[in-house]
Amino acid sequence: MAANGEIKVGSAAGRNGLPKIQTARPNGICQDDSGPTVKAQTIDELHSLQKKKSAPNTPIKGAQAAFATMCEEDRQKQQLQSISASLASLTRETGPKVVKGDPARKSETPRQVSHVSHHHYFTPTIDVSDSALKFTHVLYNLSPAELYEQAIKNEHGSFITSGGALATLSGAKTGRSPKDKRVVRDETTEDDLWWGKGSPNIEMDEHTFMVNRERAVDYLNSLDKVFVNDQFLNWDPNNQIKVRIVSARAYHSLFMHNMCIRPTPEELENFGTPDFTIYNAGQFPCNRYTHYMTSSTSVDLNLGRREMVILGTQYAGEMKKGLFSVMHYLMPKRQILSLHSGCNMGRDGDVALFFGLSGTGKTTLSTDHNRFLIGDDEHCWGEDGVSNIEGGCYAKCIDLSKEKEPDIWNAIKFGTVLENVVFDEHTREVDYTEKTVTENTRAAYPIEYIPNAKIPCVGPHPKNVILLACDAFGVLPPVSKLNLAQTMYHFISGYTALVAGTEDGIKEPQATFSACFGAAFIMLHPTKYAAMLAAKMQKHGATGWLVNTGWSGGSYGSGSRIKLAYTRKIIDAIHSGSLLNANYRKTEVFGLEIPIEVEGVPSEILDPVNTWSNKKAYKETLLKLAGLFKNNFEVFVNHKIGKDDKLTEEILGAGPVF
């Protein structure tokens with residue numbers, strides 16, 4: 001026993017190198033003396049010590065060095081000034097004061113704890129209710145864990161599923177509202193954008209945009225707190241776009257955290273003024289009596305102001321696709337081709353682009369365990385090669401299974417947003433077959449959740465451009481090699497066929513055409529994008545392919561869908577280059593070059609006429625589809641931009657010939 005009354009156990013260094021343990025007689029408490037005693041008098045103080053101070057960021061890679069160019073207080077003041085400027089209402093003399101942090105957490109930061117610094121602009125005190133003096137708290141670039149907390153506490157319908165994903169609801173709108181999308185027509189866009197018949201760009205004037213902007217900003221400023229994301233678009237560092245998203249919901253902030261490229265701390269420090277800003281006030285409707293409005297929903301783009309306003313819809317996909325539309329405008333101005341496509345790369349550096357509308361197999365075929373995934377949906381093709389526009393994936397979940405889509409299944413974990421799915425009340429296990437809320441159930445997750453994702457998401461120039469069509473008429477070949485003119489023709493057409501419902505018996509397929517395989521998002525005339533695609537393919541030696549993932553041996557209802565295993569063999573032959581060396585012959589009407597044989601694929605199905613027992617019916621169906629192609633293309637034949645952008649006779653000749 002020591003002279004001071006303590007019982008000594010062990011030596012200075014405990015057994016196996018463990019710290020020694022002392023037992024003090026006065027209170028009989030055992031303690032580890034390897035570290036200082038925690039100085040906390042209350043639970044709140046203890047909680048404040050539990051949270052390690054860190055810069056507000058969500059880096060892609062590990063922790064970065066601390067900021068050194070300016071002190072934390074000055075940096076945060078500059079940041080708040082930038083956000084305050086974004087939220088300024090142009091027709092108000094004064095606006096709300098923008099401060100940082102969640103007001104609900106102020107009590108968790110006790111003043112007694114000396115190492116926590118306090119600044120007057122973080123914890124304002126006001127004793128008036130004038131809206132001009134109101135404080136709007138900014139929750140800036142929160143982490144997924146923080147956004148989970150905000151969603152669970154404050155947003156009705158948000159839950160954590162058994163797999164760790166955040167399940168949430170998008171409200172009444174469970175999909176995009178293309179008829180409510182508007183683009184400001186002004187001196188910036190008058191001559192550049194595609195207007196008129198067939199165009200997705202429905203015009204509005206500058207004044208109406210400002211009315212809606214005022215409504216959105218006033219709504220956001222009326223809230224106690226708003227979420228702000230500062231992030232990037234485009235993995236090409238020379239052509240990266242800075243975007244700021246101001247939203248009212250934690251779900252929207254987490255969605256964009258996943259879908260955009262996440263900045264490092266250094267990038268966030270030097271972020272500065274954004275190139276484009278979204279004001280998502282989707283919980284608040286637009287005024288239906290405002291000029292140009294046709295409903296209480298309005299999604300408005302102003303390319304001159306570089307701003308987007310969302311009113312009357314909480315569907316998160318509006319933000320994703322709105323930014324994609326912006327890239328379809330900005331990138332071609334830099335001679336960079338923006339593409340609605342999937343993209344992967346082989347181990348030898350061969351890159352393939354996959355174009356295709358819903359149901360054609362774009363996601364399935366571009367996700368290949370033998371190849372690296374560059375991206376699943378949006379890309380740029382520039383001087384140095386291809387780059388993904390996004391930092392995440394937005395996958396359909398209906399009928400999802402681990403067997404069919406293991407990568408997507410495994411990506412649905414903590415950090416992932418699940419939209420409008422149905423789950424068990426007790427176990428929180430998701431039922432992906434359930435369509436009670438909507439058939440358009442979705443998962444949004446960072447691209448690094450895919451094991452074979454290539455980070456950074458860039459690659460060399462593509463060698464193959466694959467156009468996918470699910471031809472439910474059953475007359476297109478499983479694979480065709482296209483020349484440049486044919487590639488432009490079919491790229492502009494953007495064909496697939498939808499299978500009609502069968503409740504009242506089998507009905508014939510419906511042809512669907514979407515220019516550039518993404519008509520809802522393009523800003524310029526389709527021929528602009530097609531000409532750029534052809535020029536890049538010619539310069540870099542890429543080959544165009546038309547792959548039918550639809551029916552063979554008859555139309556839907558009589559024939560059967562081409563086996564996925566056969567389509568995969570075809571795609572493998574394209575990747576390997578073996579299909580380039582095959583023998584080809586030309587089909588009638590469409591004039592497509594089809595191979596005589598493909599390894600692993602029955603030769604008789606390569607020419608669709610062989611699979612039809614009724615040759616007359618085949619010819620009639622072939623001519624019918626050709627007529628639909630021709631009627632669709634008339635919109636583009638009659639359109640002219642400037643003096644030198646007429647469609648060439650070569651492209652017209654690449655279409656079906658009767």
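Biologist: In what order do the strands of the open sheet of 9 strands run, and what kind of pairing does the sheet have?

Modeller: This is a predicted model, and in it the order reads β4-β5-β10-β11-β12-β14-β13-β8-β9, with mixed pairing. At the two edges stand β4 (97-100) and β9 (203-204), each of which pairs on one side only.

Biologist: How many helices and strands does the protein chain have, and what share of its residues counts as buried?

Modeller: The protein chain has 14 helices and 35 strands, and 53% of its 658 residues count as buried. Of the contacts between residues at least 6 apart in sequence, 73% join residues at least 24 apart. As for the surface, the chain exposes about 29,900 Å², of which carbon and sulfur atoms supply 51%.

Biologist: Why is strand β27 described as largely enclosed by the rest of the structure?

Modeller: Burial is judged residue by residue, with under 20% relative accessible area as the cut-off. In strand β27 (residues 462-469), 7 of the 8 residues are buried, so the strand is largely enclosed by the rest of the structure. Strand β17 (residues 351-355) runs parallel to β27 and is joined to it by 5 bridges, with Ala352 opposite Asn464.

Biologist: Which residues touch the most other members of the largest nonpolar core?

Modeller: That core holds 127 residues, and those touching the most other members are Trp381, Leu418, Tyr445 and Phe590. Apart from it lies another core, of 25 residues, among them Leu80, Val138, Tyr140 and Val217. To return to Leu418, its contacts beyond four places in sequence include Thr161, Ala165, Leu166, Cys397, Ile412, Val430, Tyr432 and Arg442.

Biologist: How should I read a pair of aromatic rings, and what does the pair of Tyr495 and Phe513 look like?

Modeller: A pair of aromatic rings is described by the distance of the centres and the angle of the planes. The count here comes to 20 aromatic pairs. In the pair of Tyr495 and Phe513, the centres are 5.5 Å apart and the planes stand at 40°, which makes the pair tilted. Tyr495 belongs to strand β29 (residues 495-498) and Phe513 to strand β30 (residues 510-513), so the pair ties together parts that are 18 residues apart in sequence. Tyr495 counts as buried at 4% relative accessibility, whereas Phe513, at 21%, counts as partly exposed. Both residues belong to one aromatic cluster, together with Trp194, Tyr489, Phe590, Phe629, Phe633 and Phe636.

Biologist: What is the mean pLDDT of the protein chain, and over which residues does pLDDT stay under 50?

Modeller: The mean pLDDT is 86, and 83% of the residues of the protein chain reach 70 or more. Over residues 20-34, however, pLDDT stays under 50, although the model has 23 contacts beyond four places in sequence for them. Residues 108-130 also have pLDDT below 50, and that stretch has 32 contacts in the model beyond near neighbours in sequence. Where pLDDT is low, the predicted coordinates should not be read in detail.

How values were computed: Residues are numbered from 1 along each chain as its sequence is written. This is a predicted model: local features need pLDDT of at least 70, side-chain atom pairs count only at pLDDT 80 or more; totals for chains, interfaces and linings use all residues. Side-chain values use heavy atoms; hydrogens and water are left out. Helices (H or I, at least four residues) and strands (E, at least two) are DSSP runs, numbered from the N terminus. Buried means under 20% relative accessible area, exposed over 50%, partly exposed in between (1.4 Å probe, protein chains only). Contact means heavy atoms within 4.5 Å. Accessible areas come from the Shrake-Rupley method with a 1.4 Å probe; for residues, only the protein chains shown count as cover. Two strands pair if DSSP finds at least two bridges between them. A nonpolar core is a set of buried Ala, Val, Leu, Ile, Met, Phe, Trp, Tyr and Cys residues joined through side-chain atoms within 4.5 Å. pLDDT is the predictor's confidence in each residue, from 0 to 100. Rings of Phe, Tyr and Trp (its six-membered ring) pair if their centres lie within 6.5 Å; planes under 30 degrees apart count as stacked, over 60 as edge-to-face and the rest as tilted.
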